[in-house]
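I set down each thing I looked up, in the order in which I came to it.

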Amino acid sequence: MASRPAPAAFPARLSRASIFSALSLGLGSGLAWPAAAQQAPVNGMRPSDPARFAIVGAKVMVAPGQTIETGTIVVRDGVIEAVGADLAVPAGYRVYDAKGKTVLPAFIEAALPVDSATAAAAATASPGAHWNSFVVPEVSAQTLAIPDASLDALRAQGFAVVRVLPTTGIFRGTSEIRLLVKNTERPLGRDLGGARVQSMGPRSIDWSQFFQNPAPGVTPQPRGERSMPYPSSVMGSIALMRQTLMDAKWRDASTRAAELGSPVPCDDMNALDALLPLVAGRDGLLLDASDELDAARLLRLAGEQMPGARIELLGGGNEFRNESELRSLLAERKAAVILPVEFPQAPDLVSPTAAETISLRDLMTWRYAPTNPKRFIAAGADVALTTHRLADKGAFRKRLADAIAHGLTKDEALATLTTTPARMLGIDARTGTLAAGKLANIVVASGDPFDAETKFEGMFIAGTNVVAMPEAPILAAGSFTVEAQAATPKPLAKDLRVAIDPKDGSIKASWIAEPAAKPEGEAAKAEGEAATPEGETPKSEAPKSEGDAAKPADARTTAAARRASVADGRFSGIIDGAPFGCEGELRVGIAGVGDSAQMIADTTDGTRFLFTLRRVAAEENAAKPDDAKPQAATAGDAKGDAKADSTGPADRAGRGGNAGGERKRTPTEDKSNLWKDALPYPLGEYGLLEKPFGGTVLFRNATIWTQGAAGTLARGDVLVRDGKIAAVGERIDAPEVSTVFDMQGMHITPGLIDCHSHTGISGGVNEGTQSNTAEVSIGDVIDPTDIEWYRQLAGGLTAVNQLHGSANPIGGRNSVVKIRWGEGAEAFRFAGAPAGIKFALGENVVRSKSRYPSSRMGVATYIDDSFEAAREYRARHAAYAALDDATRARTMPPRKDVELEVLAEIIDGTRLVHCHSYRQDEILMLLATAKKYGFRVATLQHVLEGYKVAPEIAAHGAGASSFSDWWAYKIEVMDAIPWNGAIMHRAGVLVSFNSDSDELARRMNMEAAKAMRYGGLTPEQALALVTINPARQLRIDGRTGSLEVGKDADLAI
Amino acid sequence: MRSMQLHSTTGLRALAALCSFATTATVSAQSDVVPAPAQSRPVAIIHAVVHTATAAQPVISDGHVVFDGGRIVSVGPGMPELPANCEIFDAKGMHVSPGFCAFPTSLGLVETLSVESTDDRAEFGELRPEAVPAVAINPDSDLLTVSRAAGILLAMPVPNGGLVSGTASAIRLDGWTPEALTIDPSIGLVMTWPMVDPARSLVSRRSPEEQRKRAKEDIEKIGRFFDEMKAILAARAADPTVAHDERAEAMRDVLSGKDPVFVQVGSSAQIESAVAWLKARGMRAVIVGGEGVESAIPFLKSESIPVIVNGVHRLPGQRHAPTDAAYALPKKLADAGILFSITTGDEPAHERNLPHHAATAAAFGLDPEAALRAVTANPCAIAGLASRYGTVEPLKSATIIVTRGHPLELTSDVAAAWIDGRSIDLTSHQSQMKRKYETKLERAQEAGAANDAPPVKDASE
């Protein structure tokens, strides 16, 4: 016997009586299968399974790039013993003849999510459960049953091994790698061991993805519903992931402290305990991200929290839209990626008006999605393909063929389904190729396995023939002479032959028509049309005459039986009786074996005749092209399709049909090189293929609003070098200048700044499910592809304060960005901008009827209490840090709590507070609270009653970021007035105007101008409201907000 | 409100009931700005830049406007012949133009958007032509005084929601009673056309097939309704004993083609469908929309359909649209020779920014005086009020404003306004609050503003 696979790393789960575990540990050959201790006694005789066989004569695809044109595979006890071109089959081995077929390693499904809602609910209800019902890492896929329908669908597509993943929650639980066997097929062991992963993914639905690729079974829910549990947003999910991973590490540390003698017993924490293998590096972390931006976010988070962990990404299919970022992150994190093949449908272009509504982004997504796998393989990533996210798993091989048409090579395709997932799953020593020593997971295909029309005819899983190989027919196809056993009413036709074909059950008679017989044998020359197996085609019942005048003398006439079929080697059908010397039609039955058969023929009046059929020698057959059609010729024709239907009905469901039609309409386009196309970022309209124009630039002869000490120059120049303002003045001589623009008649201002925006935030602006969500961060969910960025940039806006919404008193952390359109989220970040957070007061935060606070009274005390908690938190950590090393080692460490950490930073004075506020009382409350905890509020947002307490705001030193003139949309803004900004400005408050609106953000200059009308600000003072003032409020005025030497060259023309 | 002080501690349930009422009462902050009396003597505005809002003579750079008895009697360059007892308004350095027309709007029908009890915009059901805003306008709404302070003197309040939302009314923004505000209670029908091309927007949960089916059903519903109303009117004409039907009566002038149908649309498919449908039934369509209008321009032109651009400050509906798609639309309509006007399409509190929408259209290519007409003469023409309102011409109503700066310019404010010759008080709750708290600030500054010691830490330090 060939060498056994090495005992690959598979965790201590031998307690499960797994035959395979035993096998792979080398317990040796000749192992009797039903040895398992849990096996029920046999009710009768003990069965014997020799468990040894050989597949001979097939083309063997041993592994990607390694094919034996005609080879033999020898299997014993579920394991491949030998593979080769000229192998002798050992005595006593069953032989499967696979001549003309292709044998390949069965596929490995790296991601089969199985509904785990029940297990998750049970985990949540257990003592020691996590407070948040989305954190159920203790769920194990071991308990999850694969529905038989999924199992059959996967097998039909060639899969023998799956990794089952729990579906429910954010931390969803651990995987199990299994052979795709049913309970009834046991005692085959099922658990393949391998490398386990913890599955993790955001909870929220990405809406853009939803429209393009609606996830099956997902019902979209409105965002920000107050009854929703935490988290409701993508940023909330990320925050929960981050905190939980930190908690797992804390649990690890505190468990060790407990071991060293901490007197305090550890609490039951099932969820965190279930994450300890991840912390220890035994479990990997699978990131389930249907959205290409989320994919990058989760990869970053994994790198930040679990830098040593084995990482896998389960993608959504649009990764190519964020190709360069994901390529580098995958490489950096050494992460493998599992990609679906659910490619978008062609857009609906039924009318010109409908066509108008389809974006270039959608069109390009449709065109390029099938290049997704190839792009990442070409980039050197470890790519496995999955049936996950396919609405119909039966369409997998069709979609795979699409990917191949888009440049994926067949070797690459095979690797994505065998060797690569085997390596990812840590089972490559056991399966993934047809090499000796591997599990006999084998697919027998009727031809090229990557042609979607090819039939997968047989399948072995660990040597068990789970999909029976088609047996050699009892009565093989061929042509037979006909001899009447008894007298027939009339003589047989000349040289009468009967041809049968077990492939489709057809029965045909053929003979040489004799001219003399013509008058009476009218029907005899008629040729019936090809009958289908269950053929009830009306046409075949009315055979049409074929003009044979031109035929050579020995030309044969044929007639086919209708309703012809075959079962168990017995053929039957209804055929014209004339050539057999009978009147009318005959109901015939043919049975026999090998080279002879008997044909029973009943006439319509019930008379029975018997005929003996004798096989015509093969060489004689070969001369008749009609009898032995090459198999390939039938592939893809109507008959072939019908057959495919009967085995895999799902293959033909809706979309498959579309794709077929589409191919027919555009038969000539070669898409195999589309994957080489460089794609703009963001994909679609206005995306950039390369970085925008830069270098050294001189703008001449413009009116220059410096918003700095130099004031406004009626006519002047601005010199930009290396992204910075190198000079501003009336006349700049700069000989080395590379580009000069004459700006005669134009104005140059600093790039405009919006101190309150919700643009470009993925997956929800509010995490409003709790009153304090300081742990969430807008910076985690920057969406650089939002088209509104481009529109705002076109309106002169260059820097933006992206704020969390106002659903809760202590909201999420904000993000300050520059609109670097064409670049990724990381490039958008305004490096060096101080950290901040959104607070909110008033109507919005008390609207929830089921959550504290529900009045302005409660808001005040809630914020106060939160700061007290943060103070105590700081003290706790300081006390721990002050311990001597020995004491600290056995002291339970204080938990790192992001929420309190963030609040403590406010008290430390290292984090800016931007507070949504309207009414004067709540404004004063917040200022007093800030004073109590010793920090200055950076900005009061909206602050529409700021004019009522302008001196108080000025005294505190808070900035005010207001609307120019909004009011009347709710009660707390009924007293808002458009002079608000000017009055606060006059009181000495640092004032800015913001948009809080994607539309308004495109014309901030117009908003600023309103302060000239309402309150009489000078033009420079008004422009300051949207340039230097918001820059100062955000503490980025050292970098932007005015046109002064050394600042960033952020300007609007 | 007073009754609230009578409640006892035991009457908690009654208190709860009163609380909702109390909220309402607080909301309807009643304007104490006094409506203007009728014009008692002639007024001559002199030395003004006169924007007539006529195509023939759009601007008179140093001109005059004289009005008496509520009507303009003289417009022209230089000094007018002053009537006896004439009040003179020296507008040197200022501009005169017609008052702005917020057509359509929900001004007067809603006070505080988030408070349902102050919102009378929508009537029950899907087909309710009998809903007439003129009877439901609150003359003391703060939104009216704030809007007219920005030069909005006329409005066309419309109901919303449903398929046939109701009837459009025309009002002036000053008067003691709804009757005094009303110019014409009924100037057309207001409809929202079904979405005949499925929306691809993310908010739509329905499949394209479902949407198409629903649109088809809705159009059939509208068809049956219009036919039924027509049949009722015909039957009543022939036999007066046939029962009166409020709905049919409300549609009489629309079905006859006398009054237009203001049909709200959001795509070119809706435009094609609505115009063809209405025209086939002998009615006049006015398109109210923005998205889809540009690609429908040739069709609108050939069918001579007026357009109300529903907001210039509007995001393009399609990702691939040019960034200035909405800004540049009015210029394209003007170039095509289509009669169009501009409205904000915004919440009623923001109607005061109507001239800014027109200004943006001008910044993106539209002639500034054409832009002015789009918020004065053209809306009046489209609403059938052109004989009385919309331009500064002799015999027209003296419904005019004087501005410091071009009337559309953002930095211009309104120095004076007259509606039908009545001099309008431009104060409002907002200006009163301004005065009140400017006083507070002045006193604080006089007192040397007890500056607290600056709070301790700041992230910039």
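Which residue with a positive phi follows helix 6 of chain B? I found Gly282(B) there, with phi near 75°. I kept in mind that this is a predicted model, in which local features need pLDDT of at least 70 and side-chain atom pairs count only at pLDDT 80 or more, while totals for chains, interfaces and linings use all residues. Residues are numbered from 1 along each chain as its sequence is written, and chains are lettered from A and ligands numbered from 1 in the order in which they are written.

**Helix 6 of chain B**

I took helices (H or I, at least four residues) and strands (E, at least two) as DSSP runs numbered from the N terminus. Helix 6 of chain B covers residues 268–280, and I checked its length: at 1.5 Å a residue its 13 residues should span 18 Å, which agrees with the 18 Å between its end C-alpha atoms. The expected span here is 1.5 Å times one less than the number of residues.

I then listed its buried residues, among them Ile271(B), Val275(B) and Leu278(B). A residue is buried if 20 or more other C-beta atoms, placed from the backbone, lie within 10 Å of its own, exposed if 12 or fewer, and partly exposed in between. The cover over these buried residues includes helix 9 of chain A as well as strand 10, strand 11 and helix 7 of chain B.

**Where the chains touch**

I looked up the contacts between the chains, and 58 residues of chain A are in contact with 47 residues of chain B; two residues are in contact if their C-beta atoms, placed from the backbone, lie within 7 Å. Helix 29 of chain A gives the most to the side of chain A that touches chain B, with five residues.

The loop between helix 20 and strand 27 of chain A holds Pro682(A), and the peptide bond from Tyr681(A) to Pro682(A) is cis, with omega near -5°. Tyr686(A) is found in the loop between helix 20 and strand 27 too, and its phi is positive, about 65°. Tyr686(A) is buried, because 20 other C-beta atoms lie within 10 Å.

Arg389(A), in the loop between strand 14 and helix 12 of chain A, also has a positive phi, near 75°. Arg389(A) is partly exposed, with 19 other C-beta atoms within 10 Å.
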